[in-house]
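Please have the sequence and the 3D view open side by side.

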Amino acid sequence: MKVINDNCCTWIKQLTARDNVKSLRHDLHCDYLIIGAGYTGLSAARKLSEISKAKKIVVVDAQLAGEGGSARNSGYLVDTTLNDGFTSISDIENYKKKVKIFELGIKSIKKYIREHQVECEWNECGKFFASSLIKDRAKATSFSNLLTNLGFKNKILFNEDLKQKLGTSFYNIGVYTSGGILLNPAKLVRSMIDSLPENIDLFENSELLNWKKINKKVECVFAKNKIISDKVIFCTNGFLKSLKVKKNYSFPITLTASMTRPLTDKEFINIGSPKEWGVLPIRPMGATIRMTKDRRILIRNTAEFKNPFSMNPKNLRDRAKIHEKGIQKRFPSLPKNIIQDSWSGVVCRSGNSSQIFEKIDNNVFVAGCYNGSGIGVGTLFGEQIALMASEQQSEEISILEKRKKPNLLPPQPFLNIGIYSKLAYERFRARTEI
Ligand SMILES: Cc1cc2nc3c(=O)[nH]c(=O)nc-3n(C[C@H](O)[C@H](O)[C@H](O)COP(=O)(O)OP(=O)(O)OC[C@H]3O[C@@H](n4cnc5c(N)ncnc54)[C@H](O)[C@@H]3O)c2cc1C
């Protein structure tokens with residue numbers, strides 16, 4: 001795994017550098033080994049430590065903890081979704097189970113934030129699903145009806161209302177839902193690192209290369225050392241497949257995003273001085289775009305299957321041009337070249353947008369595959385997989401077990417052909433929304 005555009009995410013750059021980074025330098029034995037230190041792995045570690053104070057718990061990450069998708073995302077803590085990347089809602093029963101999981105995820109984060117007094121720019125301002133195409137009114141209306149039936153407060157909005165709220169006349173139809181939360185994802189995950197209990201050892205820049213079961217233990221091989229653990233929990237999300245964990249059930253998708261500098265007073269007044277907001281696209285593959293508290297614009301409008309593990313600077317610059325176009329068409333009064341940083345990040349997808357939460361062997365567990373909803377769901381799944389690995393039950397686990405399970409992906413080359421064609425088709429359909 002190569003992470004080569006590490007220093008260019010605004011959220012990460014705004015944090016102070018840590019001075020307690022340790023890498024794996026010797027062989028180890030432990031009771032629990034957690035692979036991946038994002039929301040999922042850190043939440044699993046926190047919960048395990050709560051359950052088993054006397055156990056030896058180790059967390060490893062291939063890069064700096066939290067600096068994968070967990071710090072690089074757009075910061076929407078969602079209660080509802082319209083598109084899961086490139087799949088739309090077809091099955092209401094399944095959707096109900098999904099929003100129940102979102103609800104539990106929000107509850108987990110709220111509890112965590114309350115207990116640890118976390119400051120992560122939390123804003124319960126809701127979110128908009130919007131489109132520039134008035135023909136998307138039918139989709140917006142049926143989504144709004146679904147939300148109303150499920151008890152989610154929402155409102156359909158048209159161009160003028162949207163312009164007033166967002167400061168752009170780009171959108172012609174939208175659904176506002178009041179339940180979503182906007183936050184600073186890097187501050188949230190950093191607090192999870194800082195609040196790790198003392199009985200947890202965290203080793204960073206320590207990539208797991210290989211693993212196998214030996215008798216009743218799991219042997220994990222790193223560049224120079226080994227860890228032998230009684231139990232292992234995989235929390236590597238988009239990197240599950242590369243570690244051959246549930247490899248026929250999920251695949252990585254690389255997203256890119258850019259953030260502008262803060263708008264000047266004049267620029268901000270020109271667009272109507274909107275309050276902080278977040279828009280998700282009605283059409284899959286359209287842009288996710290946010291106005292942050294400090295008047296920056298965040299845009300994410302690319303998703304690709306090609307070369308998921310790295311994004312070289314040239315490729316990233318090319319994606320940043322697409323981001324710039326997206327900002328320009330929404331805010332033509334703003335100057336070009338206001339993008340300050342661009343970055344990529346990896347998410348995990350399954351064929352039917354279902355998450356992975358499983359005991360895959362007596363002592364091997366896995367949680368991940370949340371597409372664009374890992375803030376809350378990752379935190380919830382991390383806590384619950386820790387309970388499962390400790391042979392405990394919970395009401396949440398029973399709910400998670402009832403969700404639709406990821407389906408078996410087709411073999412190659414059909415898988416790649418299928419993903420490329422689906423992405424290309426959705427990209428074409430959303431070409432006005434990028
Ligand atoms: C641009 C972007 C925008 C997004 N927007 C949103 C959003 O608005 N809302 C939302 O809820 N979600 C969003 N997501 C998705 C969200 O970021 C993820 O679902 C979430 O980060 C998953 O958390 P995680 O801990 O499971 O995985 P990650 O945060 O990806 O952490 C996995 C960790 O595993 C480590 N790892 C991988 N391989 C190895 C190995 N071999 N050895 C050791 N460690 C390894 C990685 O370095 C990484 O730190 C977005 C993602 C991106 C990239």
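Predicted model: local features only at pLDDT ≥ 70, side-chain atom pairs only at ≥ 80, totals over all residues.

Residues are numbered from 1 along each chain as its sequence is written.

**Around the ligand**

Start with the 41 residues around the ligand, of which Gly36, Gly38, Gly68, Gly345 and Gly374 come nearest; a residue is near a molecule if its C-beta atom, placed from the backbone, lies within 6 Å of it. By class, this shell holds 17 nonpolar, 20 polar and four charged residues. Here Ala, Val, Leu, Ile, Met, Phe, Trp, Tyr, Cys and Pro count as nonpolar, Asp, Glu, Lys and Arg as charged, and the others, Gly among them, as polar. Helices H2, H3 and H10 and strands E12 and E16 each supply at least two shell residues. Helices (H or I, at least four residues) and strands (E, at least two) are DSSP runs, numbered from the N terminus.

**Helix H2**

H2 covers residues 39-51, and 10 of its 13 residues are buried, meaning that 20 or more other C-beta atoms lie within 10 Å of a residue's own, with C-beta atoms placed from the backbone. Among the buried ones are Tyr39, Arg46 and Lys47.

**The sheet**

Eight strands make an open, mixed sheet in the order E5-E6-E4-E13-E14-E15-E12-E16. Because E5 and E16 stand at the edges with a single partner strand each, one side of each has no neighbour in the sheet. Two strands pair if DSSP finds at least two bridges between them. Within the sheet, Gly278 stands opposite Arg290 in E14.

**The E18 neighbourhood**

E18 (residues 364-368) has four of its five residues buried. E17 and E18 form a hairpin with two residues between them. In E18, Val366 is the bridge partner of Phe234, and Ala367 is that of Phe357.

| Strand pair | Sense | Bridges |
|---|---|---|
| E13 (residues 277-281) and E14 (residues 288-291) | antiparallel | three bridges |
| E11 (residues 226-234) and E18 | parallel | three bridges |
| E17 (residues 356-361) and E18 | antiparallel | five bridges |

Conventions: Buried ≥ 20, exposed ≤ 12 C-beta atoms within 10 Å, placed from the backbone.
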